[in-house]
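Let's take a walk through this structure together, one stop at a time. Have a look at the sequence and the 3D view first.

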Amino acid sequence: MKILRIDSSARYENSVSRQLVDELIEKLQKDSDTEVATRDVAKGLPFVDEPMVVAYNTPEEDRTPEQKEILELSNQLVSELQSADVIVMGVPIYNFSVPAALKAYIDLVARAGLTFEYSSQGPKGLLRDRKTYIIITSGGTPVGSEIDYTSGYLKHFFSFLGITDVEIIAADSLSRTGSDKLTQVRQQILSNVA
Ligand SMILES: Cc1cc2nc3c(=O)[nH]c(=O)nc-3n(C[C@H](O)[C@H](O)[C@H](O)COP(=O)(O)O)c2cc1C
């Protein structure tokens, strides 16, 4: 089983999302033979710019060598997603939404013709469905509340690509709930993660 681990916290030491992702992957590894690929988006990804948009919109056979080079990273990120059997993502809420580094990732993997397409029935995801765990951490924003623009956004984005088997694990409002919440989340990971 191939696991794709996606981290997005700017923190390393004391990052709760990275720690919980470690624990969830450890649990998955106990139950089957696994291979883990890691994509740490916090290490920096480019933002989509004009040459990239033009390259995206140029049919593959007409792309110049420069355009092919421009798309190399995006193609690699897409291929990591395509080959994963399970995705485990750690996402801290930053200013009510996803970290900018994760948004940069999203803009690099949403590729018409590769990960989604427009049909006469509207948009259609081109990735096969697979189990996806999204661990969301927050200081005060409750996941599922009116001011949570993270969980619904990520669920919608994954379903746009064809991935609907998404489980949100909320380690939220940690500045209020602290270690009680973490104990609860750890129990959820131990008992629910197959
Ligand atoms: C730049 C920044 C913005 C943040 N914005 C929010 C926010 O809007 N709502 C919230 O509840 N917590 C916010 N936090 C707190 C983090 O979500 C919280 O500390 C979380 O545990 C971070 O995940 P990590 O422990 O994996 O780094 C913010 C933290 C940072 C660094």
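Is serine 173 buried or exposed? Keep in mind that you're looking at a predicted model. Serine 173 is buried, because its relative accessible area is 4%, and the cut-off for buried is under 20%. You'll find serine 173 in the loop between strand 7 (166–171) and helix 7 (174–192). Its backbone is worth a glance too: phi of serine 173 is near 50°, a positive value in a residue other than glycine. Most residues other than glycine have a negative phi.

Phenylalanine 96 has a positive phi as well, of about 75°, and it isn't a glycine either. This one sits in the loop between strand 3 and helix 5. With 41% relative accessibility, phenylalanine 96 counts as partly exposed.

Phenylalanine 96 also takes us to the ligand: one of its backbone N or O atoms lies 2.8 Å from a ligand oxygen atom. Isoleucine 93 likewise has a backbone N or O atom 2.8 Å from an oxygen atom of the ligand. Serine 15 uses its side chain instead, with an N or O atom there 2.7 Å from a ligand oxygen. Taken alone, the ligand exposes 630 Å², and the protein buries 72% of that. Who else is around? There are 16 residues around the ligand, and Ser9, Arg11, Ser17, Gly140 and Thr141 come nearest.

Now for the nonpolar side of things. The largest nonpolar core has 33 residues, and Leu81, Leu102, Tyr105 and Ile134 are the ones that touch the most other members. Several elements give two or more residues to this core, including strand 1 (2–7), helix 4 (72–83), strand 6 (132–137) and helix 6 (151–161). Helix 5 supplies the largest share of the core, six residues.

Next, hop over to helix 3 (residues 65–70), where you'll spot glutamine 67. Glutamine 67 counts as buried because its relative accessibility is 13%. The side chain of glutamine 67 has a partner: a polar contact of 3.5 Å joins it to the side chain of threonine 58.

Our last stop is a hairpin, which joins strand 4 to strand 5 through two residues. Strand 4 (residues 116–119) and strand 5 (residues 122–125) pair in the antiparallel sense, over four bridges. If you'd like a landmark there, look for tyrosine 118, which stands opposite proline 123 in strand 5.

Key. Residues numbered from 1 in each chain as written. Predicted model: local features only at pLDDT ≥ 70, side-chain atom pairs only at ≥ 80, totals over all residues. Heavy atoms only, no water. Near = heavy atom within 4 Å. Polar contact = N/O pair within 3.5 Å; in protein donor to acceptor, adjacent residues only side chain to side chain. Areas by Shrake-Rupley, 256 points an atom, 1.4 Å probe, with all protein chains shown as cover. Pairing = 2+ DSSP bridges. Core = buried A, V, L, I, M, F, W, Y, C linked by side-chain atoms within 4.5 Å. Buried < 20%, exposed > 50% of the residue type's maximum accessible area, 1.4 Å probe, protein only.
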